[in-house]
Amino acid sequence: MIDCLFCKIVAGEIPADIVYENEFTLAFRDINPQAPTHVLVIPRRHIATINDLAGDETSLVGEMFLTAKEVAHMEGIADEGYRTVMNCNRAAGQTVFHIHLHVLGGRDLNWPPG
Ligand code: AMP
Ligand code: ZN
């Protein structure tokens, strides 16, 4: 999609610190990390928000979680624990409208989140 930051990362038009990629997903370090590990997992396909997910995209969402699991293992945070978060729209603080799963770990995380 034109003018989507994360589509530009998928296309290689904007640099990113990519830690993992496969046919369906891409994982790269957040530019403003909120934990020692803060990686964003995105689908290669443009989907703006969770609200825009279509019924035939169930496996794509599953692929995002499998990528998150791979990243957690690669980062060495799988056993200690980590959090996955996907914000949807304004009230949740979504700022980039191409869905992304935050993978956060490497420190104790507070609950509930803000
Ligand atoms: P959200 O607020 O859930 O939409 O998350 C968007 C995330 O994208 C934020 O944590 C930003 O720090 C991150 N971000 C914005 N631009 C970039 C970029 N060029 N490379 C990596 N992460 C980015
Ligand atoms: Zn996009």
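Modeller: Leaving aside neighbours within four places in sequence, threonine 25 is in contact (heavy atoms within 4.5 Å) with Val41, Ile42, Pro43, Arg44, Glu63, Met64 and Thr67. This is a predicted model, in which local features need pLDDT of at least 70, side-chain atom pairs count only at pLDDT 80 or more, and totals for chains, interfaces and linings use all residues. Residues are numbered from 1 along each chain as its sequence is written, chains are lettered from A and ligands numbered from 1 in the order in which they are written, and side-chain values use heavy atoms, with hydrogens and water left out.

Colleague: Is threonine 25 buried or exposed?

Modeller: Buried means under 20% relative accessible area, exposed over 50%, and partly exposed in between (1.4 Å probe, protein chains only). Threonine 25 has a relative accessible area of 0%, so this residue is buried.

Colleague: Which atoms coordinate the zinc ion (ligand 2)?

Modeller: Donors are N, O and S atoms within 2.8 Å of the metal (3.2 Å for Na, K and Ca); water is not among the atoms, so sites may look incomplete. Here Cys4 (SG), Cys7 (SG), His46 (ND1) and His98 (ND1) coordinate the zinc ion (ligand 2) at 2.0 to 2.3 Å. Along the chain, these donors follow the spacing C-x2-C-x38-H-x51-H.

Colleague: What is the geometry of the site of the zinc ion (ligand 2)?

Modeller: Four donors count as tetrahedral if all angles lie between 85 and 135 degrees. The angles among the 4 donor atoms are 106 to 116°, and the site is tetrahedral.

Colleague: How accessible are histidine 46 and histidine 98?

Modeller: Histidine 46 is partly exposed at 26% relative accessible area, whereas histidine 98 is buried at 0%.

Methods
Tetrahedral: all angles 85-135°; square planar, octahedral: opposite > 155°, others 65-115°.
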